[in-house]
Structure formats: structure tokens, C-alpha cells
Amino acid sequence: MKLHPVEVLGREEHGRHVLLRYRWTGEAPRPGQFVMARPQNHAGLDPFLPRPLFAHDHEGETVSLLFEVRGRGTALLAGEDAGLLVSAPLGRGFGTEGSGPVALIGGGVWVSPLKLLSRRLKGSGVGHDVYLEVPEGAPEAYAEFLRTRYESAALIETGGASDPPRAVLDRVGELSGYATLYVSGTAETLQAAKHAAEGVVSAQLALRERMACANGSCYGCAVPVWEAGEKTYRRACVEGPVFRAEALAW
Ligand SMILES: Cc1cc2nc3c(=O)[nH]c(=O)nc-3n(C[C@H](O)[C@H](O)[C@H](O)COP(=O)(O)OP(=O)(O)OC[C@H]3O[C@@H](n4cnc5c(N)ncnc54)[C@H](O)[C@@H]3O)c2cc1C
Ligand code: FES
């Protein structure tokens, strides 16, 4: 995988999240595609591998990433003086061929790919509603970020809820009123959305399987899927990370 040095245009901190913007004149990312990213001037071997991050937004020559600082890789990417190496957009993103209305659902703090999806749907005139969870313990700065950057989104505070994914889906309401559900979220949110959508509405789920090579050669990101009634495996980095809910053999 080729990594390109890019000009970092800005970094903003919102609680434990960082919004990182960089100049990109290559192929435009499609919603649900991801990039592999690593700091440019990091000489050490820890972390050895670049990290996968969804394209959060893209406008003109600016791409942004929105990530939670979780470990060493994301902490280094968040560093003020870190240059940035990124791959071209990778993987298969959301399919957006159909008509609306559609629902965009972000569970936990994993909302990143929904911003670009919302922008593209708006551009093509597809009506959509956005539902984003503000989970228990999320910093106020993160909630404020969602309020200001996703102006028309319904924010669902799930602190105290016994079943947060259920609380989010309850807020979405009658699923059959939508042509498609587009879901990004925790494993629990994805599971709950898959089961709620079964036989009711088509759903596309953005997975976050851990990745190593991100080019299809290591099979480290394989996910179980149904094909012609048989259970088999597909690689999230090249055949995903977005999958149709009914194809996933969970
Ligand atoms: C296709 C794809 C897109 C992604 N997009 C985003 C994004 O837009 N924003 C964002 O914040 N994160 C995203 N992630 C997750 C992100 O890649 C990881 O959080 C990051 O690699 C962690 O690296 P680290 O070195 O900081 O932490 P590590 O030291 O590697 O891990 C820190 C902690 O995070 C856990 N962790 C690491 N990777 C994952 C994962 N994939 N899922 C769940 N837990 C994990 C580890 O088990 C550990 O507990 C995405 C992952 C994939 C596969
Ligand atoms: S990460 Fe290696 S095959 Fe997907």
C-alpha cells in the first residue's frame, strides 16, 4: 500500500476526539471508504502499522478524519507537530443508488463515516434523517461537536439506558418508513440494527474489523458472510468495510 505525505490543514480536539483535516487532490473518497494513516516523522516501530480511519468528510481539496484517541497510534496522529502519511481511499463504501427517505444511525462514538454520507445524500436530493448516540461518559465537548457539526441530527443520550442500541433504534421509530438504514457503530449497535432490520428494511453496516495489510493479502480482517446459502468469509478491507446486513453471518 502506498502512503502519501499530505499537508495537514488543521487539528481540533473535541473531548477525546480529534478532527484532522488534510489537503487531498487524489481520488475522492466515497462515503464508507477508509484510509490508512500514520505520522510522517515517526521513526520508531511502535506502532509499526498505519491505522484505518473512515473518511469523515470531503469538500474541495480537503479530507477530514474524526477519531477517538485510543492507543499509541491515534495518540501520535493527534500530535500537534505530526506530519501525516495517508493511503488513497480504500475499500467498498455505502451504496447510495436508491431513493429516500433513508436513516443514518451512529452508535457509540463511532459516527465518523456518516458526515460524508449525509453530504453526498444531500447533494443528490435524497431525504435522510440522522440519529447519533451520545453514550454514557462521552465528554461534553464531543456532544457539543455533534450538536454544531450535525445540525439537523437527533442526538440520543443513552446514559442510564439498560440497552443503549435498543434506545437508539427506538428513537428511529418505524424502520419500514425508511428505504435503507445506514449504520455505523459499536459491535452491539451493528448487531441490534441487523436484527431489527431483518425482513423489514434493507440495511448497510460499516464494520471496524481490525486490519493489518488493508490490501487483501493477510486475511486478518475476514468476516463471516452468507453466499448462495453457504457460510464463507470476506475481507473487510477489500470487500467491505460496508456490508449488507443480510449478508453477514452473525
Ligand atoms: C475500516 C475502519 C475504519 C475506522 N474508522 C475509524 C474512525 O473513523 N474513527 C475512529 O475513532 N476509529 C476508527 N477505527 C478504529 C481505529 O482504527 C482504531 O481505534 C485505531 O486503529 C486504534 O489504534 P491505536 O494505536 O490508537 O490503539 P491500539 O493500541 O491499537 O488499541 C487501543 C484500544 O483500542 C482497541 N481497538 C483497536 N482497534 C479497534 C477497532 N477496530 N475496533 C474496536 N476497538 C479497537 C484495542 O483493542 C485497544 O483496547 C476504524 C477501524 C476500521 C477497521
Ligand atoms: S487487513 Fe489484511 S486482508 Fe484485510
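A: Tyrosine 131 stands opposite alanine 154 in β11. The two strands concerned, β10 (residues 128–134) and β11 (residues 154–157), run parallel and are joined by four bridges. Strands count as paired if DSSP finds at least two bridges between them. This is a predicted model, in which local features need pLDDT of at least 70 and side-chain atom pairs count only at pLDDT 80 or more, while totals for chains, interfaces and linings use all residues. Residues are numbered from 1 along each chain as its sequence is written, and chains are lettered from A and ligands numbered from 1 in the order in which they are written.

Together with helix α3 (residues 140–149), β10 and β11 make a right-handed β-α-β unit. Right-handed means that, with the strands pointing away from the viewer, the path from the first strand over the helix to the second runs clockwise. Helices (H or I, at least four residues) and strands (E, at least two) are DSSP runs, numbered from the N terminus.

Antiparallel pairing is found in an open sheet of four strands, with the order β2-β3-β7-β6. Its edge strands, β2 (8–14) and β6 (57–59), each pair on one side only. From one strand to the next the twist averages 15°, an angle taken between N-to-C directions of lines fitted to C-alpha atoms, on a scale from 0 to 180 degrees. Three bridges join β6 to β7 (residues 62–68), and glutamate 59 stands opposite threonine 62 in β7.

The largest share, four residues, comes from β5. In total 20 residues surround ligand 1, the closest being Phe67, Gly71, Gly73, Thr74 and Ser112; a residue is counted if its C-beta atom, placed from the backbone, lies within 6 Å. By class, the shell has nine nonpolar, four polar and seven charged residues. Here Ala, Val, Leu, Ile, Met, Phe, Trp, Tyr, Cys and Pro count as nonpolar, Asp, Glu, Lys and Arg as charged, and the others, Gly among them, as polar.

Domain 1 (4–86) and domain 3 (209–250) each give at least three residues to this shell. The domain bounds come from an automatic or database domain assignment. The C-alpha centres of these two domains lie 24 Å apart.
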